[in-house]
Amino acid sequence: MSVQNAIQTLSQRLLILLWVILLFTPLSITFIWFYGTLVESASGVSLEFSFDVSLPLTVGKSLMGYPFALLPSLVYMAIIWQLICLFRLYQLGDVFTQANVSCFRRIANLMIATPVISVLSDMLLGAVLSIGQENFNIGFTIDDSDLTILLIGLTVRAISHVMTLAKDIKEENELTV
């Protein structure tokens, strides 16, 4: 089996997995959010907040907080979408192209933005869940996973530059007789 065929086969398998993850993510996040915020002593689900929250929430507060709780997952879904685009290109045999470089850059930018979006999500969620309470609860957490994804994003950004050089070398070689 040639390297090209191996890349195409692996890409096809990864595409299936990525599509499953992409479709399963909003369903699972929705279930976990509403089950965890609306069901008293929800077994098997433990929601963590960076501020004090009395669970269960009212249906209204749960609905108001849902978009802000979902926000970080939307960023991860956008990263998965970019991976789907990248592996589609690999499946077609397009390895060193501008489209691949663009996918890498978008993935890197999303990963670099993830910690900022996570903090923003925490703060907005705290503000929304504080409506109607005496105390205004805003808090956020930055943990090692946020720093890890930031570092990985910076690394992927560097890889996008390497991919640009590889694309340029490939194009130059194609013009050489």
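# Chatting about rings, cysteines and helices

User: Hi! Let's start with W81: is W81 buried or exposed, or something in between?

Analyst: Hi! In this predicted model, W81 has a relative accessibility of 33%, so W81 counts as partly exposed.

User: And W19, how accessible is that?

Analyst: W19 is partly exposed as well, with 30% of relative accessible area.

User: How many aromatic pairs does the structure hold?

Analyst: There are 6 aromatic pairs in the structure. One of them joins W19 and W81, with 5.6 Å from centre to centre and 80° between the planes, which is edge-to-face.

User: Which parts does the W19 and W81 pair tie together?

Analyst: W19 sits in helix 1 (residues 3-38) and W81 in helix 2, so the pair links parts that lie 62 residues apart in sequence.

User: Okay, and what kind of pair do F87 and Y90 make?

Analyst: The ring centres of F87 and Y90 are 5.5 Å apart and the planes meet at 80°, so this pair is edge-to-face. Both residues are in helix 2, 3 residues apart, which means about one helical turn separates them. F87 and Y90 are both buried.

User: Which residues form an aromatic cluster?

Analyst: W33, F49 and F51 form one aromatic cluster.

User: Switching to cysteines: how many disulfides turn up?

Analyst: A search of the whole structure gives 0 disulfides. C85 is in none, and the nearest cysteine sulfur to it belongs to C103, 5.2 Å away.

User: Now helices. What angle do helix 2 and helix 3 pack at?

Analyst: Helix 2 (residues 59-91) and helix 3 (residues 98-129) pack at about 175°, and their axes are 9 Å apart. That angle makes helix 2 roughly antiparallel to helix 3. Their contact has 25 nonpolar, 6 polar and 2 charged residues.

User: Where does UniProt put the transmembrane regions?

Analyst: The unreviewed UniProt entry lists residues 14-35, 64-87, 107-127 and 147-166 under "transmembrane region".

User: What does the chain look like over residues 64-87 and 147-166?

Analyst: Residues 64-87 are 100% helix and 0% strand, with the end C-alpha atoms 36 Å apart. Residues 147-166 are also 100% helix and 0% strand, and there the end C-alpha atoms are 29 Å apart.

Note on methods: Residues are numbered from 1 along each chain as its sequence is written. This is a predicted model: local features need pLDDT of at least 70, side-chain atom pairs count only at pLDDT 80 or more; totals for chains, interfaces and linings use all residues. Side-chain values use heavy atoms; hydrogens and water are left out. UniProt positions are given in the numbering used here, feature names are shortened, and annotations may be inferred rather than shown by experiment. Helices (H or I, at least four residues) and strands (E, at least two) are DSSP runs, numbered from the N terminus. Axes are lines fitted to C-alpha atoms, for helices over the stretch in contact, and angles run from 0 to 180 degrees between N-to-C directions. Angles under 35 degrees count as roughly parallel, over 145 as roughly antiparallel, 65 to 115 as roughly perpendicular and the rest as oblique. Ala, Val, Leu, Ile, Met, Phe, Trp, Tyr, Cys and Pro count as nonpolar, Asp, Glu, Lys and Arg as charged, and the others, Gly among them, as polar. A disulfide is a pair of cysteine sulfur atoms within 2.5 Å. Rings of Phe, Tyr and Trp (its six-membered ring) pair if their centres lie within 6.5 Å; planes under 30 degrees apart count as stacked, over 60 as edge-to-face and the rest as tilted. Buried means under 20% relative accessible area, exposed over 50%, partly exposed in between (1.4 Å probe, protein chains only).
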